[in-house]
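Welcome! Here are some exercises to work through with the structure open beside you. Try each task before you read its solution.

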Amino acid sequence: MTFSGGFVITGTFISFLLLLTAVYGQNINDTAVRIGADAVLTCDGVTYDGVTQHWEKNPAIPIKYLVAIQTPLGQSSPGAPVYDAANIAAADLTNRFTATDDLMTATITAVKKTDDGNFRCASGPSEIRHQLITYQLTSATTNPADEGTGYIGYPFVATCSAPSDSKPTPSYNWTKQEDSSFMASGATLRFDSLTVNDTGTYVCTAYHQYASATASMQLTVSEKPTDTPTSSQGQSGDTKPTSATRTGGGIGTGGIVGIVIGVIAALILVAALVYFLLIRPPKGHGKGKEDGVESGDADVTYHATGHPGAPENMSRPPPLTEPETVELLSKNQPEVMYAELDLEKQPAGSRRPYVAAPDDPPTEYASIRPNKPPRSSVPHTLAPDEKSEYASVSKPGTRY
């Protein structure tokens, strides 16, 4: 056949066009199969042309058949199916692709995500195609799961999700049980300000054109307790509108410093109590008598020797007998008051006898009690002085 301009269409070219029309010009049937399930593909509507019939994946020229049958020369019926192992392996269908003897049905077991594609059954000019679509959507979950708590006047947020291996990517919507007017689209359910009427069961649906899955959440709305801690994230997705946000549950630096200072102050107080109650001697502790003179812990003024009452002029009378002691004690003698006691110039350890002056009246000494004289072994000397005052010289006793 020759057209104007010299273009010639040969019989081979026409056959090629017919083949292209047969391969690419047919409608495709979508066949959706869940991943992990078996896919069954039929060759309905295809009539065996008495020569050959085959199945192939993603048709191309030259044809890479998966399985084929043909009628041998001189016979009227086709022979047994012939599988092409190389083409089957290239399609990742090894040990998973089978067909009936007449090729009217092909089966793919344990479908994988990679099995998506165009499967064609053809015999001569007749054919059927299946666009195999694998999908996955096993479940849906909500956050918070099962139950959520919100507070009147506060916002509330819940989310819905499906497993990451879902195929194709699902869409989401929310409904409310016993409220047909409620509908929200998207994976996030958001309330800006809850009311008591928002209490109820909310159902999330994850879906695509091949499958769906649902999950439900019971939302309870109530007044916010007064003792609920302030935070940016409330219970079960409740977000409190507040400018103060807690960033952690630990003790801050100021709290630690306060604790340390408190502990140190407590230790100092305990140490002071121990000192005053247990270590420091009580008032008047340590007083004793030596050489007939009691000493204490106050400062005293010492006088030079030569005073009639000085130790070098003092002598101890002999011990009293019992009748004398009784007679002496029975007398109501008042204590003799002395003005001062000066021990500064008296040598330590002096025991010189008392020497009375001619005009000195007889004087007996039992003990001298200063207000708070220091404990000392230095002998005491009596002399008139106005620097330090002492309480009294007690009455004579049985011991000197």
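A disulfide here is a pair of cysteine sulfur atoms within 2.5 Å. The model is predicted, so local features need pLDDT of at least 70, side-chain atom pairs count only at pLDDT 80 or more, and totals for chains, interfaces and linings use all residues. Residues are numbered from 1 along each chain as its sequence is written, and side-chain values use heavy atoms, with hydrogens and water left out.

**Exercise 1.** Find how many disulfides the rule gives, and describe each link.

*Solution.* 
- Step 1: the count is two disulfides.
- Step 2: Cys 160 sits in strand β12 (residues 156-161) and Cys 204 in strand β16 (residues 200-207), so the link spans distant parts of the chain, 44 residues apart; strands are DSSP runs of E with at least two residues, helices are runs of H or I with at least four, and both are numbered from the N terminus.
- Step 3: Cys 43 is joined to Cys 121, S to S 1.8 Å. This link is left-handed too, with -80 degrees about the S-S bond. Cys 43 is in the loop between β2 (39-42) and β3 (52-57) while Cys 121 is in strand β8 (residues 117-123), so the pair ties together parts 78 residues apart in sequence.
- Step 4: with the bonded cysteines numbered in sequence order, the pairing reads 1-2, 3-4.

**Exercise 2.** Work out which stretches call for caution, using pLDDT.

*Solution.* 
- Step 1: pLDDT is the predictor's confidence in each residue, from 0 to 100. The chain averages 74, and 56% of the residues score at least 70.
- Step 2: pLDDT stays under 50 over residues 364-368 and over residues 385-395.
- Step 3: where pLDDT is low, the predicted coordinates should not be read in detail.

Note on methods:
Contact means heavy atoms within 4.5 Å.
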